[in-house]
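Work through the following exercises with the sequence and the coordinates at hand. Each task is followed by a solution in steps.

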Amino acid sequence: MGTVTRIILQRLALGLLTLLVVSVVIFTAVNLLPGDFAQSILGQGATPEAVAAIRQDLGLDQHPVTRYFQWLGGAVQGDLGTSFASANFAAFAGSDANANMGTVASTIAPRFENTMFLAGVTAAIAVPLAVFLGVLAALYRETVFDRAANIFTLSSISSPEFFLAYILILLLAVLNPILPSLSNIFDGMSFSERLERTLLPALTLTLVVTAHMMRMTRAAIINLLASPYIEMARLKGINPLRVIVKHALPNALAPIINVIALNLAYLITGVVVVETVFVYPGIGQLFVDSVKLRDIPVVQACCLLFASAYILLNLTADIMSILSNPRLRHPK
Amino acid sequence: MSTLLKIRGLKIEGRSDETWNPIINGVDLDLAKGEVLGLIGESGAGKSTMGLAAMGYTRDGCRISEGSVEFDGIDLVNASADVKRDLLGKRIAYVAQSAAASFNPAHKIIDQHTEAPTQHNVMSKGESADDAMDLYERLRLPNPQEIGFRYPHQVSGGQLQRAMTAMAMSCRPDLIIFDEPTTALDVTTQIEVLAAIRKIVEDFDTAAIYITHDLAVVAQMADRIKVLLRGDEVETAETREMLANPQEDYTKSLWAVRSFQRPQKPAINTSATPVVSVRNVTAAYGKIDVLHDVSFDIHAGRTVAVVGESGSGKSTAARCITGLLPPRIGHIEFDGQTLPLSYKQRNKDQLRQAQMIYQMADTALNPRVSIGETIGRPVQFYMGLTGKDKRKRVNDLLEQIELEPTEYFNRLPSELSGGQKQRIGIARALAAEPKFIICDEVTSALDQLVAEGILRLLAKLQDELNLSYMFITHDLATVKSIADEVVVMKDGKVVEQGSKDQMFQPPHHPYTDLLLSSVPEMDPDWLTNLLDQRGVDNIGDAAVKKM
């Protein structure tokens, strides 16, 4: 197991390094956004003094390098700073900035939880479905089923997400009112209620991500079907389904896992459109709103969160691909 | 004896570019219960296609267009997939050429062994596993109780090949197809596998079709031999009769292949400076030394054959000479000058003087680059020729390797045969006008007749250009035909070196002796005699030593 542990530790270290580099990129990019918070909150007629006062209040007048390290130091300790928007609101209300109210963490946490819930429900439907369809498509390759599955998944991935969403709403909420068309979930809802409301966006996203995973499963399996060990299995009189599930699939896992990870990362970071259509309070909407408001700490925190999700998922995929190789699991 | 397998007028076609081309043109085959039939021929003869057809199986892109295959009264050509699947693995089994590729890397050997018996409801998993250990013991695999629980990559090639033979036996089939099962193995390992296959086929009275291109091997294994040439049967006869009295010219030409032999050249003038001199080289991959204090000389116009089994350090020695692997201790001299250890520090002229020809001509040529360009590149790079001069030099080179320039200049590697590709490899090496060429197993991937053509060409070029060759090979027949001096390597050390005549005359170093005596001979009693002579137990010991 020595090799595997070493490889995993190496990947972890590399992941952390990547995250550090990404944090620099995020910070620089966000600070290059045109306009700043003070200007946009005070409007056209603001006096330079007022703008300067707010900038000083928020620490925007300090050197960017200093601000980067302050931000990074806080982030490492779990303190992502204070949301400009809520800090401002608290200041206008005449009280001291309420420590709990305005922190970035408390702004993001519930939204992120919702996003994870949606991503989880989608993954629970899409991943097994994609692998199952991929195996079937490989088994019945070049048949009507294979073509139909391909056409269906490809058309769904090629259609805009909002279009798919409206079709699903039309089918499942309007014509056959099975599911609610609005997904405005909130604290205190029971799990089953949450699940019911999340189902429509989850189905929309399933349509979006299944094609990619299914086609990779099919391709990775078919790629192996010319291997001598597959021929051997056939010449042992093993039935075709078992040949694919038992002999091809275990050797095709690495590319499949990687595509799954990419799609999961997409579910966490790229679902703004679907959230908007279903009024789902996820992190995507928060992110867009914060960019509009120039609420830099929230934008930075969201970016950092997205980057972490990408890196973590890819890291997991990497490690799982490594573990799927028996040569590494069982060295000579 | 009753007939087990009856093939009549079998025609098989393969599809390429939307047309169906014949692979087998109407071959008959009969096999009695318990009989072993040898199927021989060069690559492209259709041996494997024929062997698979005997199982009612054709590879993707192939089809049986005519004829019948009858196994024990069952028509395999028209049988449903279910009927065939029920026979495969249970009554007809297959042993492939490369066990390493044919075992699934994701599962333990024992799980793959028990799969056919459990899927065919012949035995329970436990019974089959016990039986596997019994078979492993019969096949003299080391640690028969434990070896099945390893993954394929944890077991050596020879052992894996025996484990696959055991797997084929798992349901006690009536017929086993052996498709070149020892071609990829060293001679000493080959003997273990041959002995194991013969023993188990006799023990269980299993009929077999033994496919190979090696006549000496088939002479040991088969009761009867069938010779194929480009999809047609040449002749069939009892083994002894076929060996003693081949009828057809083609068969006779196969028998005559090993006749090419260069006479021993006069002794080396020891005062002359060798072209290449390997001096006390010790080299390592990572922290592990794989070459230990290796020294040998290669003189002008001579061929030094470096022989040994896989893992003996032959190719590593070549990597040290070319500077791809700088030695840890020792150095390389060229014409008496010490060369920089790494190729990165060598100048263009030093690089030009030593060229290489590779084993797999297929992978050593860029598939997208035409022949003229492949050869033209070193002409331009080393000799600085361009335009017409370059074209003329490439044409000269093509003529030297006996390929018509106008016909081959614009072809791509995929439009050449294996032997022609290897000739291009030779021309590319010659383009640099070197003094010294390393030939790394250049004939091992080729058929015997084609290989002989390559050896003759290399010999001719040596005489014309006074080239020196380092000829890496594991095939002692090749050594006999082309070498002037021989270096025998084992475990990274030189165990014996001297002129070819010395090497092939006793007394030998014990390891040289083992190598020489392991080369199969045409005599059908050779394996039996050898096993008697060594004592059967020695084979098991040899296997243990290899662990």
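How many residue pairs are in polar contact between chain A and chain B?

The count is 14 residue pairs, with both residues at pLDDT 80 or more. A polar contact is a pair of N or O atoms within 3.5 Å; within protein, one must be able to donate a hydrogen and the other to accept it, and residues adjacent in sequence count only if both atoms are side-chain atoms. pLDDT is the predictor's confidence in each residue, from 0 to 100.

The model is predicted: local features need pLDDT of at least 70, side-chain atom pairs count only at pLDDT 80 or more, and totals for chains, interfaces and linings use all residues. Residues are numbered from 1 along each chain as its sequence is written, chains are lettered from A and ligands numbered from 1 in the order in which they are written, and side-chain values use heavy atoms, with hydrogens and water left out.

**Exercise 1. Describe the interface of chain A and chain B.**

Step 1. Contact (heavy atoms within 4.5 Å) involves 22 residues of chain A and 27 residues of chain B.

Step 2. The two chains bury about 2,400 Å² between them, 56% of it on carbon and sulfur atoms. Buried area here is the accessible area (1.4 Å probe) that two parts lose on being put together, summed over both. On the chain A side, M232(A), L235(A) and K236(A) lose the most area to chain B, together 29% of what that side buries.

Step 3. Three salt bridges cross this interface, each defined as a side-chain nitrogen of Lys or Arg within 4 Å of a carboxyl oxygen of Asp or Glu. In one of them, the side chains of K236(A) and E115(B) meet at 3.3 Å, N to O.

Step 4. The elements that give two or more residues to the chain A side are helix 10 (228-235), helix 11 (240-269) and helix 15 (326-329) of chain A. Helices (H or I, at least four residues) are DSSP runs, numbered from the N terminus. By class, this side has nine nonpolar, five polar and eight charged residues. Ala, Val, Leu, Ile, Met, Phe, Trp, Tyr, Cys and Pro count as nonpolar, Asp, Glu, Lys and Arg as charged, and the others, Gly among them, as polar.

**Exercise 2. Describe the contact between the two assigned domains of chain B.**

Step 1. Domain 1 of chain B covers 35-66 + 81-259 and domain 2 of chain B covers 276-505; such bounds come from an automatic or database domain assignment. Eleven residues from domain 1 of chain B and eight from domain 2 of chain B take part in the contact.

Step 2. The C-alpha centres of domain 1 of chain B and domain 2 of chain B lie 34 Å apart.

Step 3. These domains bury about 1,100 Å² between them, 45% of it on carbon and sulfur atoms. Zero salt bridges are found across the domain interface, and one residue pair is in polar contact, both at pLDDT 80 or more.

**Exercise 3. State the confidence of each chain.**

Step 1. Chain A has a mean pLDDT of 85, and 94% of its residues reach 70 or more. Its confidence is lowest in helix 5 (residues 84-92) of chain A, at a mean of 56, and highest in helix 10 of chain A, at 92.

Step 2. Chain B averages a pLDDT of 86, with 97% of the residues scoring at least 70.
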